[in-house]
Amino acid sequence: MKRFLSGLRKKATKTAIKDDDRFGTGLWRHNRDRFIRAVDRYYTTAVALHEARDSDGSATSGAASANADETSDGEATAAAAKDPVDVIVDGTHRLNALVEVVDDLTATLHTRFPVTGQVVPGPARQAVGDAPELLTKASSKVGEAVLAASMARSDGQSGRSIDSNAEATVRFITDAEELLGRAREILARVEEP
């Protein structure tokens, strides 16, 4: 058993070294790791919510079909007609795509403006603008999505509708996408010749 665990430790160390090379050890890495942790928490919460629904079928209490909004044509909107648990679980796919965006952003920032601490030096700060704050805010938005998904778990267990919680997760993930889009725009301007 000890031999098995030592093999795992070596693999983890190799991955950490590769990450250090790609993302650094300073602010860029910190922002990336914070985002990844928030995505992991969201995933864990969404899976637990999904499993709770599958085990007893009551996690959504007041399924979306009962609350479906109608358009002017009398048709239920796709988002309103979808099970709120599925909406929350679908957020994991959107967040996985954002992980790649954050990886690209932080790797590029580290390559162009290596930072070993938590402060971006003056000339680099002028070049990167609000990118560090945008990365931090995107992580916070994912954290808010985690909170909304957690509240859905709690509300579902107590028999309340989770439709508003599902809508909140969608809104927070969309906000994170927009913030990362703005950071990409800033970085694209920096990369221009």
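Setting aside its neighbours within four places in sequence, Asn31 is in contact with Pro132, Leu135, Thr136 and Ser139. The model in which these contacts are found is a predicted one. Asn31 has its place in helix α2, which covers residues 27–56, and with a relative accessible area of 2% Asn31 counts as buried, because the cut-off for that term is under 20%.

**Helix α6 and the residue after it**

- Just after α6, Gly159 adopts a positive phi of about 90 degrees.

**The largest nonpolar core**

- The largest nonpolar core holds 47 residues, and the members that touch the most other members are Phe35, Tyr42, Ile88 and Leu180.
- Two or more residues are given to this core by each of the elements α2, α4 (84–112), α5 (122–128), α6 and α7 (163–191).
- For Ile88, again leaving aside neighbours within four places in sequence, the residues in contact are Tyr42, Ala46, Leu49, Ala149, Ala152, Ala166 and Thr169.

**Aromatic rings**

- When ring centres are required to lie within 6.5 Å of each other for a pair, the count of aromatic pairs comes to zero.

Technical notes: Residues are numbered from 1 along each chain as its sequence is written. This is a predicted model: local features need pLDDT of at least 70, side-chain atom pairs count only at pLDDT 80 or more; totals for chains, interfaces and linings use all residues. Side-chain values use heavy atoms; hydrogens and water are left out. Helices (H or I, at least four residues) and strands (E, at least two) are DSSP runs, numbered from the N terminus. Buried means under 20% relative accessible area, exposed over 50%, partly exposed in between (1.4 Å probe, protein chains only). Contact means heavy atoms within 4.5 Å. A nonpolar core is a set of buried Ala, Val, Leu, Ile, Met, Phe, Trp, Tyr and Cys residues joined through side-chain atoms within 4.5 Å. Rings of Phe, Tyr and Trp (its six-membered ring) pair if their centres lie within 6.5 Å; planes under 30 degrees apart count as stacked, over 60 as edge-to-face and the rest as tilted.
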